[in-house]
Amino acid sequence: LLGPANKGVLSLLTVMLVMAVTLGRCGLGSAVIYFGGRRPAWAVIFNGGLLIAVIGAATALLSLPVILLSRPQLLRGIPLAGLLWVAAMIPVLFAFDYFQSAFIAILQVNRRNLLLLLHPLVQLVLLAVTVGVLRQGLAGALFSLSAALVIGVAWSLIKLKREVAGRLLRADRGLMKQLLRFGMRSHLGGVMEVMNSRADFLLINFFLGPAAVGFFSVAVNLGEVIWRFPEAVVLTLMPRVARMDADQAGAFSPRICRLVLLPVLLFCLGLLLLGRTLIRFFFGASFLPAVAPLLWLLPGFAAFAVWKILAGDLVARGRPLIYSATAAAAFAAMVLLDLWLIPAWGIAGAAAASSAAYLFASVLIILMYRRVTGVRLGDLLLAKKSDFRLLRESFRRDSLPDR
């Protein structure tokens, strides 16, 4: 209903919001998950929440002039009201992002999942009303996104408040310093990971305009469904590895990596065969230019699934610098390739650049992970019969075993 141009504007505004939060959150999500298994979890969550509230407000104030100064170049064609909306929503997205990590830190993954289900369901209902029925276009889409985020934050606060009822919580400067110190070590990795998947939206807009961003965003969002499974696995892997010794983690994480890779490859094959049909069905014939970039993205998306598993393991082991370094290397490669390939190949060039960068990062983290753990390459990538036997047993018990 929005069409390629307004879809591109919506994607760019969302990217600006996500990037502002990613740049400002100081790795506190990873820090809360790490320390949640080593210190009193509720004290960690409370003090992390105080930090994120202050940082969110400061980021909103600082981002506004930066966003406005970027408008003539990287944000051409973006309405001023939309840019002001980005600044206003930054503290809300900070809270929404933080509560996901808080639920993981206290091993309440189901509530984290409910939060991430609640948000898109509310947004979809509101989109149907504001864009589909009332025909409010881009303004309706932005209102729907805002309301869904606010409702998600309110729901999280209610759930966490019930959990902490009767607990004595206080501000702890020492704990805050520890959270920030650890978080900053993983912060670069978190920034670079988001930049790897979203910074090319800005470069595409610079070279080709909002409509091209609209096509590219469809390809990226469809392809990123590949990552939902490994990302879900990482959410349960990190707090478990943080509670394991090196030998236990060395047996656990490679097995998880092997088991994740097979369904990821099958899903890539499905998108290769059905991508054009899915885009036509869900978005309409006007979005068929998204097919070519989707196909270019698939190899990199498959490889980056391995990166996500190993990066989560290394952060949980207390080695966030490897995560940051490999993500930064991928970002540098992507930008250099984007500047070369977008003018030559358009959005297909942007997709090829992203895919090559993801492959590069995945090779780097495999090499570094093997150096840290001594795990063989085959143990990371090739599934074994014992893995499937254990998987069948775990499904029967309806929980992932700790072995």
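Cys 26 is buried, with a relative accessible area of 16%. Buried here means under 20% relative accessible area, exposed means over 50%, and partly exposed lies in between (1.4 Å probe, protein chains only). The model is predicted: local features need pLDDT of at least 70, side-chain atom pairs count only at pLDDT 80 or more, and totals for chains, interfaces and linings use all residues. Residues are numbered from 1 along each chain as its sequence is written, and side-chain values use heavy atoms, with hydrogens and water left out.

**Two loop residues with positive phi**

- Cys 26 sits in the loop between helix H1 (3-24) and helix H2 (28-36). Helices (H or I, at least four residues) and strands (E, at least two) are DSSP runs, numbered from the N terminus.
- Cys 26 is not a glycine, yet its phi is positive, about 60°.
- Arg 135 is in the loop between helix H5 (109-133) and helix H6 (137-164).
- Arg 135 also is not a glycine, and its phi is positive at about 55°.
- Is Arg 135 buried or exposed? Arg 135 is exposed, with a relative accessible area of 59%.

- H7 covers residues 173-208.
- At its start, a side-chain oxygen of Asp 172 comes to within 3.0 Å of the backbone nitrogen of Gly 174.
- H7 bends by about 50° at Asn 196. The bend at a residue is the angle between axes fitted to the seven residues ending there and the seven starting there.
- Gly 209 follows H7 and has a positive phi, near 100°.

**Helix H7: partners**

- H7 packs with helix H11 (residues 291-316) at an angle of about 170°, and their axes are 12 Å apart. Axes are lines fitted to C-alpha atoms, for helices over the stretch in contact, and angles run from 0 to 180 degrees between N-to-C directions.
- H7 and H11 are therefore roughly antiparallel to each other. Angles under 35 degrees count as roughly parallel, over 145 as roughly antiparallel, 65 to 115 as roughly perpendicular and the rest as oblique.
- Phe 182, Glu 193 and Asn 196 of H7 meet Phe 304, Trp 307, Lys 308 and Val 315 of H11. Contact means heavy atoms within 4.5 Å.
- By class, this contact of H7 with H11 has 4 nonpolar, 1 polar and 2 charged residues. Ala, Val, Leu, Ile, Met, Phe, Trp, Tyr, Cys and Pro count as nonpolar; Asp, Glu, Lys and Arg count as charged; the others, Gly among them, count as polar.
- H7 and helix H12 (residues 320-345) have axes that come within 7 Å and cross at roughly 10°. These two helices are therefore roughly parallel to each other.
- The contact of H7 with H12 has 20 nonpolar, 6 polar and 4 charged residues.

**Two buried helix residues**

- Ser 355 lies in helix H13 (residues 347-373). Ser 355 is buried, with a relative accessible area of 6%.
- The Ser 355 side chain reaches the backbone oxygen of Trp 296 at 3.0 Å.
- Not counting residues up to four places away in sequence, Ser 355 touches Trp 296, Leu 297, Pro 299 and Gly 300.
- Thr 59 lies in helix H3 (residues 41-70). Thr 59 is buried, with a relative accessible area of 13%.
- Leaving aside neighbours within four places in sequence, Thr 59 is in contact with Ala 20, Gly 24, Ile 90 and Phe 94.
- Thr 59 and Ala 87 are 28 residues apart in sequence and 8.6 Å apart in space, C-alpha to C-alpha.

Note on methods: Polar contact = N/O pair within 3.5 Å; in protein donor to acceptor, adjacent residues only side chain to side chain.
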